[in-house]
Amino acid sequence: MAGVRQARAMRTRQAIITVAAEVFDEYGYDSASLSRIVQRAGTTMGGLYFHFESKQALAKAVLAEQSPEQWLLPPGADGLQRLIDVTMRLAHELRSNVVLSAGLRLTFERSGLEKEGATLHRLWTDHLRSQMAAARAASELLPEVDEAECAHMLMGAYFGIQVLSQATTGRADLPERVAALWRYLLPGMATAEARARLEIRPYEDVAADLSAPGPPTRVGGEADG
């Protein structure tokens, strides 16, 4: 019986996080109200406070879902192909995963969560740097490329593109924008040998099958037949 109650409590907690993410994503941290979250979640203030002591604690729970360790990496060796695949998966997820989308908004809003946002930013940057280091070890990077500088540049470019995509199309064109980003970046960072084998592979636009890549697109932009 205790196990059943614990499982129910965990489901309730996750449901509150998901609804809170919807509200944070829609209104931002400052304008999001706990009463709206409670109403949408179909719970009570007491039920919410049983799991989260404050709105800030709830926002931190949403941000905790954003760590790179929370995301299953595509199969394959570390390096540029893995990095491309991860960014394409995130582009797909951002169009349908409200927890991820809300976490992104919370990260870049000045909402009293600067410490958590900075930590998340560092985690993702460290992940990008680790993939760059693997690419260097595999002789995929041009000699003049600095892995740390390139990781910071990619982080900024990626999130800038998603902001523009969100503002103009509600992220409907985000996978295409990310694919274009890679087509322009790779000639300045990857060797000719690496570019010849790298593929920009859009993920299937089906949330139930996120791990299945669609028809691969070569770096030059032509889809494989």
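The questions and answers below concern a predicted model.

Residues are numbered from 1 along each chain as its sequence is written, and side-chain values use heavy atoms, with hydrogens and water left out. Local features need pLDDT of at least 70 and side-chain atom pairs count only at pLDDT 80 or more, while totals for chains, interfaces and linings use all residues.

Visitor: Which element of the protein has the lowest mean pLDDT?
Guide: pLDDT is the predictor's confidence in each residue, from 0 to 100. The mean for the protein is 82, and 81% of its residues reach 70 or more. Among the elements, helix 10 (residues 192-197) has the highest mean, 97, and the lowest, 40, belongs to strand 2 (residues 217-218).

Visitor: At what angle do helix 5 and helix 6 pack?
Guide: Helices are DSSP runs (H or I, at least four residues) numbered from the N terminus. The axes of helix 5 (residues 80-94) and helix 6 (residues 98-108) are 8 Å apart. Angles of 65 to 115 degrees count as roughly perpendicular. Helix 5 and helix 6 are therefore roughly perpendicular to each other, at about 100 degrees.

Visitor: Which residues of helix 6 make the contact with helix 5?
Guide: Contact means heavy atoms within 4.5 Å. Helix 5 contributes Leu90, Glu93 and Leu94. From helix 6 come Leu100, Ser101 and Leu104.

Visitor: Which residues are buried in helix 2?
Guide: Buried means under 20% relative accessible area (1.4 Å probe, protein chains only). Helix 2 covers residues 34-41, and Gly42, with a positive phi near 70 degrees, follows helix 2. The buried residues are Leu34, Ile37 and Val38.

Terms used. Axes are lines fitted to C-alpha atoms, for helices over the stretch in contact, and angles run from 0 to 180 degrees between N-to-C directions. Helices (H or I, at least four residues) and strands (E, at least two) are DSSP runs, numbered from the N terminus. Angles under 35 degrees count as roughly parallel, over 145 as roughly antiparallel, 65 to 115 as roughly perpendicular and the rest as oblique. Buried means under 20% relative accessible area, exposed over 50%, partly exposed in between (1.4 Å probe, protein chains only).
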